[in-house]
Amino acid sequence: MRRATLAAEPINAIVESYLDRYFQMFPTRATAAGRHDLDEQLENFAPSKMTEWIEFNQTMRSRLLELQRGPALSLDAKLDLEALLAQIDRELNGLTVLRRAERDPLYWSAVAADATVFLLVRDDLPLAERRQHALLRARNLPRFAQQARDHFVHVDPNTVAPELCQIAASQIRATASFYKEGFAQAIAGSIHAREDSAAAAAGLLDFAATLDELGKRATGSPRLGAAYATTFRLGTGITEPVRDVLARAQSDLVATRTEAANYGRTVWSGLIQDQPPKDDTELVRRLFDRVAADHGQTVDDALAQWRTNVAALDKLVHEKKIMTLPDPLTLIVDRSPSFFVGQSVGGVYPPGPYAPDAKTILFLPTPPGTASAEQKEAFFRDFNEHFNKMIVPHELIPGHYVQFKIAAHQPHKVRTIFPDPLYVEGWGTFCERTLLDQGWGGPLERLAHLKKQLENIARTIVDIRVHSENMSRDEVVRFVKDEALQNDQFASNMWTRAITSSPQITTYYLGYGKVRKAQDAARVAAGDHFELRKFMDGMMELGPVSIDHYIDRLSGKSGDANRSESPAE
């Protein structure tokens, strides 16, 4: 055991060294993690900085591989090493193979969009301090926007995808609107703050105009092509050949459609007065339309429903002892603040490991302020009452809110900062199904879940086919509508997700399968003594690491020699 402890010491030092350098390179991510010593700074993607960062990662990777080949490691040291090595491999692939900083304008636009959001919404510092830090960071935006503009003025247009220019330009304009119209209000700023925010907006609009011009000349492709197989492996941890994953997903899509149809026939008479169609596809479409028919008319309607659902779900999980929850509930569910003019900030904002007691915030998705009556109707049909109720276990309890809250208190911060991608979304998707099975919701919520499952599987198929089979946008839309039975908006969005967030969109389906495998392993090991609560709690013990470790642990394959030495145990 002494050898394992000694081996862990250099890993701890390497982890701390990497995290310090990582946050210096990406100050906005330090803020998201709850560190505020770099709040006054903003990213600097100068070529010399990028070269130094790449070389630093390459050096760190060599050191980690040497330690991996060395004396036996404790389980904690092994998990920390794996989390960091996976992050470094993804980082190097993104910068040296995909060359995202050079060729992808979204690499830059995301920094501008996120620059001050966490400072303005999270409560891990007093409000006055957060406002001051946000102003100091915003003063860096003109410099950053100028650096971005200068870079893309001189980039080779043959290496840049016009689709990404268009998406990034739109994101940048939305961010500029916020700084022009809402930022000064958000920080209760003086006339000088208004001047600073106006300068930020002007610089961002100049960058957006540069991307517009570049988009007219750009001839690159958003497809990853030959780099996809490696990017997929690094982004998911799945070593199975991509073609085998595709075949499995295609088979599961058919099986899930059949499941939806079979279930639909058992509940049809209680939902729809007509006779059920003989054709399964028509039947499922009619049922999905029935799910969408029950919806509110305003964001306030949705907000009231979400808050009611959170209280009811928290009570259900406690009463049925489904999982040990981190009490008290430190969760805010709200609409996004009005000062975020033009900017979409919907989603979960969890606490970071450097400020684990901060509240988790869920801002509900909202239709754009410029949406027509028809577009608003379509939006609320998608985010209908039954979808909203079904998805609360995924996003909040016992899904991401619980998952991230427990992870933030994990003593091994590297695992929380660089979580295993399948663990994150796999857990959320697993919680949807588990809570339905525990009595949360009824037939319409289960149908909403099956529709979401079809979407998740289709995401994996589309991601693989777009990047390795040159699937076109029209083919994506047709496939998602005809085979996954989704509506126009989801079909169109899936193309955008595939070209902007590959392979992350595969993690919902792939991660769900892994968590189900972990549950199966726990059932076999425990036999008649299986307890859902023990399994759910057990899936939090190591933090957000590869689910394979949980499978081994729950099936009894991990021996005493690999026991964790962390204080938490």
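**Cysteines to begin with**

There are zero disulfides in the structure, and keep in mind as you click around that this is a predicted model. Select cysteine 165: its relative accessibility is 1%, under the 20% cut-off, so cysteine 165 counts as buried. Now jump to cysteine 431, which is buried too, because its relative accessible area is 0%.

**On to helix 8**

Select residues 127-138, and you have helix 8. Its twelve residues, at 1.5 Å a residue, should span 16 Å, and the end C-alpha atoms are 16 Å apart, so the two agree. Next, show the side chains of Arg130, His133, Ala134, Leu135, Arg137 and Ala138, the buried residues of this helix. What do they pack against? Bring up helix 2 (27-32), helix 7 (117-121), helix 9 (141-154), helix 10 (162-181), helix 11 (183-186) and helix 12 (191-217).

Now look for an open sheet of three strands, in the order 1-3-2 with mixed pairing. At its edges sit strand 1 (331-334) and strand 2 (347-349), each pairing on one side only. On average, neighbouring strands here are turned by 15° against each other, direction ignored.

To see a bridge up close, pick valine 348 and its partner in strand 3, leucine 362.

**Last stop**

Finally, select residues 299-319: this is helix 16, lying across strand 1 and strand 3. Helix 16 runs at about 155° to strand 1.

Key: Residues are numbered from 1 along each chain as its sequence is written. This is a predicted model: local features need pLDDT of at least 70, side-chain atom pairs count only at pLDDT 80 or more; totals for chains, interfaces and linings use all residues. Side-chain values use heavy atoms; hydrogens and water are left out. Two strands pair if DSSP finds at least two bridges between them. Helices (H or I, at least four residues) and strands (E, at least two) are DSSP runs, numbered from the N terminus. Axes are lines fitted to C-alpha atoms, for helices over the stretch in contact, and angles run from 0 to 180 degrees between N-to-C directions. Contact means heavy atoms within 4.5 Å. A disulfide is a pair of cysteine sulfur atoms within 2.5 Å. Buried means under 20% relative accessible area, exposed over 50%, partly exposed in between (1.4 Å probe, protein chains only). The expected span of a helix is 1.5 Å times one less than its number of residues.
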